Amino acid sequence: MALSLSNFLYSSLLLLLPFGLMADAATVTFDWNVTWVRANPDGKFERPTMGINNQWPLPLLNITKGDNVIININNQLGNQSTSFHFHGLFMNGTTEMDGPVGATQCGIPPGSSFTYNFTIDQPGTYWYHAHQRGRYPDGLRGPLLVNDLESPYLGQYDEEVLLTLSDWYHDEMPELIAKFISVANPTGAEPVPNSALINDTQNVTVSVQPGRTYLFRMVNMGAFASQYFWIEGHTMTIVEVDGVYTEPAEASMIYLTAAQRYSFLLTTKNEISSNFAFVASMDHDLFDKVPEGLNSNTTGWLVYDSNVERPTPALLDAFDAFDDFNLVPQDGQKLLTNVDYVMTLDMKMDNLGDGANYAFFNDVTYVRPKVPTLYTALSTGASATDVTIYGGNTNAFVLAKDEVIEIVLNNDDPGKHPFHLHGHNFQAVLRSDEDTGFYDPVNHTAFPAVPMRRDTVWVKPNGHIVLRFTSDNPGVWLFHCHIEWHVNSGLVATIIEAPLEMQKTISIPSDHWQVCRDSQTPYAGNAAGNTVDLLDLTGENKSPAPLPAGFTAKGIVALVFSIISALLGMVVISWYGVAPIGTSELQSAEKRIAEAGTEVK
Ligand SMILES: *[C@@H]1O[C@H](CO)[C@@H](O)[C@H](O)[C@H]1NC(C)=O
Ligand SMILES: *[C@@H]1O[C@H](CO)[C@@H](O)[C@H](O)[C@H]1NC(C)=O
Ligand SMILES: *[C@@H]1O[C@H](CO)[C@@H](O)[C@H](O)[C@H]1NC(C)=O
Ligand SMILES: *[C@@H]1O[C@H](CO)[C@@H](O)[C@H](O)[C@H]1NC(C)=O
Ligand SMILES: *[C@@H]1O[C@H](CO)[C@@H](O)[C@H](O)[C@H]1NC(C)=O
Ligand SMILES: *[C@@H]1O[C@H](CO)[C@@H](O)[C@H](O)[C@H]1NC(C)=O
Ligand SMILES: *[C@@H]1O[C@H](CO)[C@@H](O)[C@H](O)[C@H]1NC(C)=O
Ligand SMILES: *[C@@H]1O[C@H](CO)[C@@H](O)[C@H](O)[C@H]1NC(C)=O
Ligand SMILES: *[C@@H]1O[C@H](CO)[C@@H](O)[C@H](O)[C@H]1NC(C)=O
Ligand SMILES: [Cu+2]
């Protein structure tokens, strides 16, 4: 019964030792069957939803820093393949566990199994989600917390509270994507969510006690909408963004794009006479049209006393959120200077020859290669440093090891976009105001001495951002907009970081090859699967051809279709809606417009 002295000393020693020195970190194992379930989180509509072990919402992964995580996936969906990405984890030394289908693995087809095996040595607030065309908004996304026994804020709070935010669609993604990327939607208007959720429900209550401090951890797991978040009568003290501890910063409202995370400290009042509302409100700027009856606001309450009423939140005239560029990382990491390599990404939205709207970096819209990019890097020897072999539609960049890399992103689009880098966080060096056009490297506002770091940052409409990081993590890492619609319409670039180093250090477990065989996906050679002539990309996956000359402005495409509908009536429009339109149809439409005396610029 009595605790022996040696046992006692051993446990005390464990508490005193820095975590990294502990003999064996734990291995935590999860068995996940991916299954269809039915869910109705907004109380308005029950729908088929992708769950884990017949449950949805998905499980919280609450891991301790240093732990080895094993997740055994068995895809029991029956009709769709999938994969998982652990958003914000660097996967240092295990790029093969990063998850994006076509980049670091083949999709896991129905009936197949796949094991993710990685060690977490970062603290903070993360999430996990499927990383294959449109899967995560259908349900496959959940929170991931990394508990840090060495947190600089340990001891400054009594308890932890997790709140997730999300938008929610009633229709399933395959159907919505088909409507979104279609000749019938030439302007590329994104489907607007039906509801917003907090913690995968609404009207959530957080029971609090007076005079205590709570660490709130927040994740936006949504597919599209950014959200403003505020708590009436209380101040938030931000201490972490995207896994990076910050100097404490007070805020009355925060703004979370899809995929961003915040942790803040909140100290409760000393009396319990009232309860207080908190609100998450979807940013309408991103919606082309706000549907009648949409409620963008989700309310929850800090409940001091459950017998006291829960007040309706006051309506605000304007949103005034904390600017994350004012955050300072707690480790004081200085601005990276002496940039070795600049990746310039000019982004725009435009139409291709099928009449649908796509997203482009440097005039190329991403199309998944036949061979996942990592497998190309591992199977092509010395040629792996030649960017050509990764294909003409992947926006590939090959980086050398241990260089300072700068990403310049010029947003030639009137929308806000949240950009995410896999495998790293980055110093957010500059975010211009809107309508400032492209970045001018010789004329810009001063960079901060200690820039904010995170893994997802938004660019303003028709503005630009400049990001920096060190290429110290060999692997294949995507850089993409985290609006799932824009991922599907091609706003993705591929970074192949230190490929020759990868060839020495990365080995692919046999179950990863097996899912490629199960799904008949080639896993060697260049992007087209050619293992003999690596520079021959015949047969690679390509985007549709460009529009014929004179049809490049998306406004004209819209005009063409409104005129066709006026001339020929709705029967034709619905026919166009089901069959992809070809060049000849567009040309005859052009001729008709000319004949009708309409001006075509
Ligand atoms: C939350 O409360 C509002 C207002 O009472 C109600 O309209 C809504 O249906 C509730 N949501 C859920 C999921 O119960
Ligand atoms: C797959 O099955 C689910 C559940 O039966 C169904 O709701 C969904 O529409 C199907 N999806 C496809 C792409 O067939
Ligand atoms: C996963 O599915 C298999 C086969 O149906 C079943 O044997 C196993 O118990 C399931 N695992 C979990 C964790 O539900
Ligand atoms: C996980 O990876 C480690 C390191 O490669 C290996 O030793 C271990 O056997 C793997 N575990 C599983 C369950 O695959
Ligand atoms: C996560 O685990 C830690 C350590 O066990 C615990 O203190 C914390 O409350 C947990 N967080 C949540 C949201 O459950
Ligand atoms: C929100 O959901 C998470 C699980 O994802 C749970 O740990 C947490 O306690 C919930 N928060 C509240 C306030 O209900
Ligand atoms: C949502 O909240 C905002 C800010 O208070 C307010 O302007 C807007 O009218 C609210 N929307 C609805 C539908 O209540
Ligand atoms: C530098 O940029 C500012 C702000 O955009 C502009 O007003 C100014 O004319 C520019 N100066 C030069 C030398 O281009
Ligand atoms: C990856 O690990 C190496 C070796 O420990 C380290 O030098 C590098 O900074 C790490 N990079 C990231 C992004 O974690
Ligand atoms: Cu976007």
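Reader: Which residues form one aromatic cluster here?

Author: Rings of Phe, Tyr and Trp (the six-membered ring for Trp) pair if their centres lie within 6.5 Å; planes under 30 degrees apart count as stacked, over 60 as edge-to-face and the rest as tilted. In this predicted model, one aromatic cluster is made up of Tyr 228, Trp 230, Tyr 255, Phe 319 and Trp 458.

Reader: How are the numbers and values to be read?

Author: Residues are numbered from 1 along each chain as its sequence is written, while chains are lettered from A and ligands numbered from 1 in the order in which they are written. As the model is predicted, local features need pLDDT of at least 70 and side-chain atom pairs count only at pLDDT 80 or more, though totals for chains, interfaces and linings use all residues; side-chain values use heavy atoms, with hydrogens and water left out.

Reader: How many aromatic pairs are there, and what is the geometry of Tyr 169 and Trp 485?

Author: The count comes to 26 aromatic pairs. Tyr 169 and Trp 485 are an edge-to-face pair, with 5.5 Å between the centres and 80° between the planes. Tyr 169 is in the loop between β9 (159-168) and α2 (173-180), and Trp 485 is in helix α4, 316 residues apart. Helices (H or I, at least four residues) and strands (E, at least two) are DSSP runs, numbered from the N terminus.

Reader: Are Tyr 169 and Trp 485 buried or exposed?

Author: Tyr 169 and Trp 485 are both buried. Buried means under 20% relative accessible area, exposed over 50%, and partly exposed in between (1.4 Å probe, protein chains only).

Reader: Which charged residues lie over a ring?

Author: A charge sits over a ring if NZ of Lys or CZ of Arg is within 6 Å of the ring centre and within 35 degrees of the ring normal. Arg 310 is placed over the face of Trp 301, 5.2 Å from the ring centre. Lys 348 has its charged end over the ring of Phe 360, at 5.5 Å from the centre.

Reader: How many salt bridges does a search of the whole structure find?

Author: A salt bridge is a side-chain nitrogen of Lys or Arg within 4 Å of a carboxyl oxygen of Asp or Glu. The search finds 23. In one of them, Asp 242 and Arg 454 have their closest N and O atoms 2.9 Å apart. Asp 242 lies in the loop between β14 (236-241) and β15 (244-251) and Arg 454 in strand β26 (residues 453-454), so this pair ties together parts 212 residues apart in sequence. Asp 242 and Arg 454 are both buried.

Reader: Where are Asp 285 and Lys 416?

Author: Their side chains meet in a salt bridge of 3.4 Å, N to O. Asp 285 is in the loop between β18 (276-282) and β19 (297-303), and Lys 416 in the loop between β23 (404-411) and β24, 131 residues apart. Asp 285 is exposed, at 59% relative accessible area, whereas Lys 416 is buried, at 11%.

Reader: Which residues coordinate the copper ion?

Author: Donors are N, O and S atoms within 2.8 Å of the metal (3.2 Å for Na, K and Ca); water is not among the atoms, so sites may look incomplete. The copper ion (ligand 10) is held by His 417 (ND1), Cys 481 (SG) and His 486 (ND1), at 2.0 to 2.1 Å. Along the chain these donors have the spacing H-x63-C-x4-H. His 417 is in strand β24 (residues 417-421) and His 486 in helix α4 (residues 484-488), 69 residues apart. Both His 417 and His 486 are buried.
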